Amino acid sequence: MAGLINHLNAIRNFFDTGATRSADFRKKQLQLLKESIRKHEEALSNALFTDLHKSKEEVWITETGMVLSEINACIKSLDEWMAPQPVPTNFVNIPGKSYLLPEPLGVVLIIAPWNYPFQLLFMPLVGAIAAGNCVVLKPSELTPATEKIMGQIIAETFAPNYVLYAPGEGAALIPELMDTFRYDHVFYTGSTAVGKIIYQKAAAQLAPVTLELGGKSPCIVTANAALTVAAKRITSIKFSNAGQMCITPDYLLVHHSVKEALVRQLKATLLKFYGEHPITSYDYGRIVNNKHFNRLRNLMEGQTILHGGEHNEEELFIAPTLIDTPSTEAPIMKEEIFGPLLPIIGYENDAEALAWIRQNENPLALYVFTSNKREANQWLQQVPFGGGCVNTTAMHYLNKNLPFGGRGNSGIGRYHGRFSFETFSHTKGVLKARTWPDIPLAYPTLKGKLKTLKRLLG
Ligand code: NAD
């Protein structure tokens, strides 16, 4: 972008005027954003169909509807979130008052990926606006139709010294965006590999980060699972957006006693959801580009296919595919699949299932299907993961009362609802003291006061 540094400096200057701090300003911007999204809803839907073959219903559930609902929640709760929050005052500071005072961070950079190109850029934007920041938005270049409409929405709604839209190819643009300007926070969603680059750039400026990354999220189906429901809830999420979802079940670990029955149910469910020819299905998506198509085709190579496997490069189509027990060394069990391929692995006992999970880094999500409470709790406790569900998949993402984020290699930090507000705010700890009484104990000379000090401050 020509003159980028001048734009960034203009944003800093605007933030410094204090204009973004009041609740009225923030609510007004959120309202304007809501109106603009509504105005462009159809164009957004068409763009997401062009880029990823998403139906308008899917766009509503996973993109626009989510963002509009987040805006509504922020407008409704903003006064409460912004209010100073009293906390108890410790003995030596009595009769003072202590409280937490949230304030905007300043200028924040938000970088998004292509799989939910609108939602993953605008959800953090909503939180950043609600918290009173100025924002620089870097969308993914891999979904160009959506990138264009999002640019229109931002340009029509906000002045560029408040919210700046900075599209471009990541590897070229990120150094320009990050090397010469210090952000007060960098919020990145995308692959772990690029996350490390972003983290290093932020570290050079001592900028705090939120990293929403990926990983291999396991889904465990125990001998005590309700199989028909499990098959539906695994299939509908795993093959939504052709499997290009960060919290999709990456692979299944199924107790050997129910593996055959589950595979039967999964096949029947796939036929019911997407028909004999998923390439013609209204509900089935496409792979984002040839690079990812070929990556997925290579992952399938040499595997035992239980169902699916058809593909068509011209259409960027890969059928929903069930794969039987890859070797632990196969690339499909080493890297995040991020596509419509579902390895199904039978296990004899929990230790064996745990060993499969421990082959990889901490997952972003964990799912366990079981009707046994003790068994569910055991799985929730023994695996470190970002967030997850019992007896369903991915639905925790839709609950704003739950923080969303990863752990270790799957991410740093969290957001959604109030957690977004907190991520994009700094909380000042403030003590308001009284001028009376003015107890001489804390003033020099301290000589001879040790016993009393130990009693009061111990
Ligand atoms: P990506 O890391 O390739 O791209 C994300 C962003 O980084 C894009 O804006 C891109 O332009 C930029 N970028 C790409 N290469 C860069 C480079 N060399 N230097 C600087 N910036 C660069 O990720 P992706 O392929 O768009 O998305 C897929 C990944 O994102 C998967 O691993 C998935 O699990 C993860 N993801 C995570 C979440 C989450 O919420 N945790 C959500 C969606 C996707």
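Pro 95 sits in the loop that runs between strand 1 (85–87) and strand 2 (97–104), and the peptide bond that joins Ile 94 to Pro 95 is cis, with omega at about 10 degrees. This is a predicted model, in which the protein is divided into domain 1 (2–213 + 408–430) and domain 2 (218–398).

**Domain arrangement and interface**

- Taken over C-alpha atoms, the centres of domain 1 and domain 2 are separated by 31 Å, and contact between the domains involves 21 residues of domain 1 and 21 residues of domain 2.
- The size of an interface is often given as the accessible area lost when the parts come together. For domain 1 and domain 2 the area buried between them is about 1,800 Å², and 53% of it lies on carbon and sulfur atoms.
- On the side of domain 1, the residues that lose the most area to domain 2 are His 53, Trp 114 and Ser 410, which together account for 29% of what that side buries.
- Zero salt bridges are found by the rule across the interface of domain 1 and domain 2, whereas ten residue pairs, with both residues at pLDDT 80 or more, are in polar contact between the two domains.
- Helix 4 (56–82) and helix 5 (119–130) are the elements that give two or more residues to the side of domain 1 that touches domain 2, and helix 4 gives the most, with four residues.
- By residue class, the side of domain 1 that touches domain 2 is made up of eight nonpolar, nine polar and four charged residues.

- Glu 335 is found in the loop between strand 13 (321–324) and strand 14 (341–347), and it counts as partly exposed because its relative accessibility is 32%, a value that lies between the limits of 20% and 50%.
- When neighbours within four places in sequence are left aside, the residues in contact with Glu 335 are Lys 216, Asp 250, Arg 295 and Leu 299.
- With Arg 295 there is also a polar contact, made from the side chain of Glu 335 to the side chain of Arg 295 at 3.4 Å.
- Asn 360 lies 25 residues from Glu 335 along the chain, and the C-alpha atoms of Glu 335 and Asn 360 are separated by 8.6 Å.

**Backbone features in loops**

- A cis peptide bond also runs from Pro 444 to Thr 445, with omega near 0 degrees; Thr 445 is found in the loop between strand 18 (425–432) and helix 15 (450–457).
- Ala 242, although not a glycine, has a positive phi of about 50 degrees, and Ala 242 lies in the loop between helix 9 (227–238) and strand 9 (251–255).
- The relative accessible area of Ala 242 is 1%, so Ala 242 is buried, the limit for that class being under 20%.
- Phe 338 is likewise a residue other than glycine with a positive phi, near 50 degrees, and the place of Phe 338 is in the loop between strand 13 and strand 14, where Glu 335 is also found.
- Phe 338 counts as buried because its relative accessibility is 16%, whereas Glu 335, at 32%, counts as partly exposed.

Definitions and conventions
Residues are numbered from 1 along each chain as its sequence is written. This is a predicted model: local features need pLDDT of at least 70, side-chain atom pairs count only at pLDDT 80 or more; totals for chains, interfaces and linings use all residues. Side-chain values use heavy atoms; hydrogens and water are left out. Domain bounds come from an automatic or database domain assignment. Contact means heavy atoms within 4.5 Å. Buried area is the accessible area (1.4 Å probe) that two parts lose on being put together, summed over both. A salt bridge is a side-chain nitrogen of Lys or Arg within 4 Å of a carboxyl oxygen of Asp or Glu. A polar contact is a pair of N or O atoms within 3.5 Å; within protein, one must be able to donate a hydrogen and the other to accept it, and residues adjacent in sequence count only if both atoms are side-chain atoms. Ala, Val, Leu, Ile, Met, Phe, Trp, Tyr, Cys and Pro count as nonpolar, Asp, Glu, Lys and Arg as charged, and the others, Gly among them, as polar. Buried means under 20% relative accessible area, exposed over 50%, partly exposed in between (1.4 Å probe, protein chains only).
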